[in-house]
Amino acid sequence: MTELSLNILDVAQNSIKAEAKLVELFVLIDTAKDILTIEINDDGCGMPADILEKVADPFFTTRDTRNVGLGVPFFKEAAESTGGSFSITSETGKGTRVKATFTLSHIDRMPLGDINSTVETLVFYNTHLDFHYKYHLDGEEFSLDTREIKELLEGQPIDAPEVKEFISGYLAENSNEINKTQTF
Amino acid sequence: MKSLAELKAIKDKMQGQVGVRSHGENETRVVVGMATCGIAAGARPVLQKLSALVQEKNIQGVQVTQTGCIGLCMHEPIVEVYGKDGEKTTYIGMTAEKAEVIVERHLIGGKPVIEYTVSGSGL
């Protein structure tokens, strides 16, 4: 992977496959503490302890199209190689929580990249699910919650061209306002 | 900060339009592999380009969607096109530029772009 937003898109696919109804994605940046935190939480089917133990093993996968599973190991390695941390907790029937922290200024930290594209891809191509995205930088934040959007749309599709355009604009404008000239 | 307030006007406008969009069985499905292999190889911009072009060019009867690992990881990004007749075309090594060609020649023109397929690439 070349950017963390791609790791996020990849790990979030696991939540989709786990038949989650709600996926939370939090990106929290604290420049004073030099920490970037990424959390991906879902209310999907979860994993029993024996699967959870193996989930960071690249040679373990539950799929049958290939015999490696690199999504979680890549994300874990990306975090730990910056002196950060990685944790995954899960409960069968309740869901899974993934949390990774990165040393923001570490030379090996991948750029966050185009996180807005990742959110758009998740929201527009998984319209049957809900996503709650929160972006927080040094005390300022904005969020996008598809439950709120769907309520406002009163049954109109969230992937209609005009709604997609609005959501893309919403993400771009609000992240620009918070980031100012900074890129992460 | 941009708020969600504008959505109400968008919703009102959409409610005034009837039958502009529907997904049914009798349509072409364009499926992009979005597992680790696909994402790492560049599937996200391919999916976005295909979707944007179908929307921009107002191509009716085409649905762009995503799937998991197709099983040919070394040839990602992979795009499969399932025609209305049930025929499947598998495109490998996709890029946003190739997506433009596929939209023009296959989705609009109706003819698969053989040179982007597994058989056409000489593998």
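Predicted model: local features only at pLDDT ≥ 70, side-chain atom pairs only at ≥ 80, totals over all residues.
**View 1. Chain A holds an open sheet of six strands with mixed pairing.** The strand order is E3-E4-E2-E1-E5-E6 (chain A). Strand E3 (85-91) and strand E6 (140-145) of chain A are the edge strands, and each pairs on one side only. On average, neighbouring strands of this sheet are turned by 5° against each other, direction ignored. E3(A) and strand E4 (residues 95-103) of chain A run antiparallel and are joined by seven bridges. Within this pair, A:Ser90 has A:Thr96 in E4(A) as its bridge partner.

**View 2. A:His132 sits in strand E5 of chain A.** Strand E5 covers residues 130-137 of chain A. With a relative accessible area of 17%, A:His132 is counted as buried, because the cut-off for a buried residue is under 20%. Its contacts, leaving aside neighbours within four places in sequence, include A:Leu22, A:Val23, A:Glu24, A:Leu25 and A:Phe26. A:His132 is also in contact with A:Ser143, A:Leu144, A:Asp145 and A:Arg147.

**View 3. Chain B consists of four helices and four strands.** From the N terminus on, the elements run α-β-α-α-β-β-β-α. The C-alpha trace of chain B spans about 50 × 35 × 25 Å along its principal axes. Of the 123 residues in chain B, 43% are buried. Among contacts in chain B between residues at least 6 apart in sequence, 61% join residues at least 24 apart.

**View 4. The four strands of chain B form an open sheet in the order E2-E1-E3-E4.** Pairing in this sheet is mixed. Strand E2 (62-67) and strand E4 (88-91) of chain B each have a single partner strand, so one side of each is left without a neighbour in the sheet. Neighbouring strands are turned by 20° against each other on average, direction ignored. Helix H4 (residues 96-108) of chain B packs on the sheet and touches strand E1 (28-33), E2, E3 and E4 of chain B. The direction of H4(B) makes about 170° with that of E4(B).

**View 5. Strand E3 of chain B pairs with E1(B) and with E4(B).** E1(B) and E3(B) pair in the antiparallel sense over four bridges, and B:Val32 has B:Val79 in E3(B) as its bridge partner. Strand E3 (residues 79-82) of chain B and E4(B) also run antiparallel, joined by four bridges. Here the bridge partner of B:Tyr82 is B:Lys88 in E4(B). The hairpin of E3(B) and E4(B) has five residues between the strands, and in this hairpin B:Gly86 takes a positive phi near 90°.

**View 6. Chain B and chain A bury about 3300 Å² between them.** Carbon and sulfur atoms give 60% of this area. In chain B, B:Met1, B:Lys2 and B:Arg44 lose the most area to chain A, together 23% of what that side buries. The contact takes 43 residues from chain A and 29 residues from chain B.

**View 7. Salt bridges and polar contacts cross the interface of chain B and chain A.** The salt bridges between chain B and chain A number two. In a salt bridge of 3.2 Å, N to O, the side chain of B:Lys11 meets that of A:Glu154. Helix H1 (6-15), helix H2 (36-41), helix H3 (43-56) and E2 of chain B each supply at least two residues of the side of chain B that touches chain A. H1(B) gives the most to this side, with six residues.

How values were computed. Residues numbered from 1 in each chain as written. Chains lettered and ligands numbered in written order. Heavy atoms only, no water. Buried < 20%, exposed > 50% of the residue type's maximum accessible area, 1.4 Å probe, protein only. Contact = heavy atoms within 4.5 Å. Pairing = 2+ DSSP bridges. Axes fitted to C-alpha atoms, helices over the stretch in contact; angles between N-to-C directions. Buried area = accessible area lost by both parts, 1.4 Å probe. Salt bridge = Lys/Arg side-chain N within 4 Å of Asp/Glu carboxyl O. Polar contact = N/O pair within 3.5 Å; in protein donor to acceptor, adjacent residues only side chain to side chain.
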